[in-house]
Amino acid sequence: MLGAPWLEAALGGLLGLLIGSFLNVVIHRLPKMMERQWALQCAELSGQPAADEPAFNLVTPRSRCPHCGHPIRWHENIPVLSWLALRGRCSACRAPISARYPAVELATGALFAWCGWHWGWTLPGAAWCLFAALLVALTLIDWDTTLLPDDLTLPLLWAGLLASALGWTPVPLAQAVWGAVAGYLSLWAVYWAFKLATGKEGMGYGDFKLFAALGAWFGWPALVPIILMASVIGAVVGIGLKLTAGLREGGVVPFGPFLALAGLTAMVFGPGAILRVIGL
């Protein structure tokens, strides 16, 4: 603990801005890394030589403008401030830079500031910052690609169980374990019921793992309010996209972002507050 809650919140917010900048890299690169890994595995299974491609991970290569290839210099990579100074455009070719980059940084900064205010610079505070960061990344990766990478959902699940075991969350370990079990099996059952009834897949296995992770963090009693909140948000967004012709090809609306938003709502306000918000 540093003492004054406002100081811990401010420092948490600054850290969140930096982590948010890194999350932008994760959101952009992790799906591409997965695609490369799948291509490599397919080549190995078919007995074909793998394509010799340059290294591509969260560190290499250096970030560049996707339009002209201009390397992003350090002073062009300061969270939020660089985007404002550049007026949302590349310094070399003047191509627009998406406002989503500073939005992710600001959202992560706000969540970290809240964690700093509520828990201070403590191990529980660090655990909830990790929770928030992973959910921000999962929200946008799933929205962009309809993928929920195991590289993020499984660490989120195990971190929730570990945080419960160490007393970093108020959830008893038994509730966390059963929350993970019930979260996974409930959506697994819905998936198979829908598939047997319609012959179609209504969601992916990543949704099961994400809901299991939320169960580990909040315990099994929180699963009902979380799934209700996610369903309400998803219905509102889905209807809005349909009315504005914003649905992607095939009419697919990923469910993971709404689960993640419900999880963040539960973190800030508590699972019980979700029921009050939706009028139950």
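**View 1. Helices around the second largest pocket.** H1, helix H7 (205–218) and helix H9 (256–269) each supply at least two residues of the lining of the second largest pocket, and H7 gives the most, with 4 residues. Helices here are DSSP runs of H or I with at least four residues, numbered from the N terminus. A pocket is an open set of points, on a 1 Å grid over the protein atoms alone, where a 1.4 Å probe fits and where protein lies on both sides within 12 Å along at least five of seven lines, while lining residues have an atom within 4 Å of a point. The model is predicted, so local features need pLDDT of at least 70 and side-chain atom pairs count only at pLDDT 80 or more, whereas totals for chains, interfaces and linings use all residues. Residues are numbered from 1 along each chain as its sequence is written, and side-chain values use heavy atoms, with hydrogens and water left out.

**View 2. The centre of the second largest pocket.** This pocket holds about 630 Å³ of space, a volume being the space filled by probe spheres set on the grid points, which are joined across faces, edges and corners. Of its 24 lining residues, Thr146, Gly202, Met203, Gly204 and Asp207 are the closest to its centre.

**View 3. The largest pocket.** About 790 Å³ of space lies in the largest pocket, and among its 32 lining residues Ser63, Arg64, Ile72, Ile97 and Tyr101 lie nearest the centre. Helix H1 (5–46), helix H2 (81–85) and helix H3 (100–119) each supply at least two residues of this lining, with H1 giving the most, 5 residues.
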